[in-house]
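This report walks through one protein chain, from its overall dimensions to a few selected side chains. Please keep the sequence and the 3D view at hand while reading.

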Amino acid sequence: MLKGREGEMFKAVVTDVADQRMRVQLSDMPVVANVKASGSRQGDRLALRLVSADPDQRSVVFEPA
């Protein structure tokens with residue numbers, strides 16, 4: 001679903017925060033991911049940039065935009 005879309009921006013909502021990571025749910029797709037970042041709280045809306053997507057490894061990497 002995300003392969004080939006590296007560099008694109010996605011809207012997300014923070015669903016959980018722990019240490020230097022937050023769990024996010026993309027607003028327009030059924031994708032949940034962990035993001036290395038701090039300073040957000042549960043329920044915050046934010047923009048993320050897709051760094052990589054590997055369907056074989058079932059992994060995605062996002063960074064705050």
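A residue is called buried when its relative accessible area is under 20%, and exposed when that value is over 50%. The structure discussed here is a predicted model.

## Overall form

The secondary structure of the chain consists of 5 strands and 0 helices, and along the sequence these elements follow the pattern β-β-β-β-β. The radius of gyration is 11 Å, close to the 11 Å given by the globule rule for 65 residues, so the chain is as compact as a globular protein of that length.

The C-alpha trace spans about 30 × 20 × 20 Å along its principal axes. Of the 65 residues, 28% count as buried, and the chain exposes about 4,500 Å², of which carbon and sulfur atoms supply 44%. Among the contacts with a separation of 6 or more, 46% come from residues 24 or more positions apart.

The 5 strands of an open sheet are arranged in the order 3-2-1-4-5, with antiparallel pairing. Strand 3 (32-36) and strand 5 (59-64) stand at the edges and have a single partner strand each, so one side of each is left without a neighbour in the sheet. From one strand to the next, the twist averages 50°.

Strand 1 (residues 9-18) pairs with strand 2 (residues 21-26) in the antiparallel sense over 6 bridges, and within this pairing V14 stands opposite V24 of strand 2. Strand 2 also pairs with strand 3, again in the antiparallel sense, over 5 bridges; these two strands form a hairpin with 5 residues between them, and here V24 stands opposite A33 of strand 3.

In strand 3, A33 and V35 belong to a covered face, whereas V32, N34 and K36 belong to an uncovered one.

Technical notes. Residues are numbered from 1 along each chain as its sequence is written. This is a predicted model: local features need pLDDT of at least 70, side-chain atom pairs count only at pLDDT 80 or more; totals for chains, interfaces and linings use all residues. Side-chain values use heavy atoms; hydrogens and water are left out. Two strands pair if DSSP finds at least two bridges between them. Helices (H or I, at least four residues) and strands (E, at least two) are DSSP runs, numbered from the N terminus. Axes are lines fitted to C-alpha atoms, for helices over the stretch in contact, and angles run from 0 to 180 degrees between N-to-C directions. Buried means under 20% relative accessible area, exposed over 50%, partly exposed in between (1.4 Å probe, protein chains only). The radius of gyration is taken over C-alpha atoms; the globule rule is 2.2 Å times the number of residues to the power 0.38. Contact means heavy atoms within 4.5 Å. Accessible areas come from the Shrake-Rupley method with a 1.4 Å probe; for residues, only the protein chains shown count as cover.
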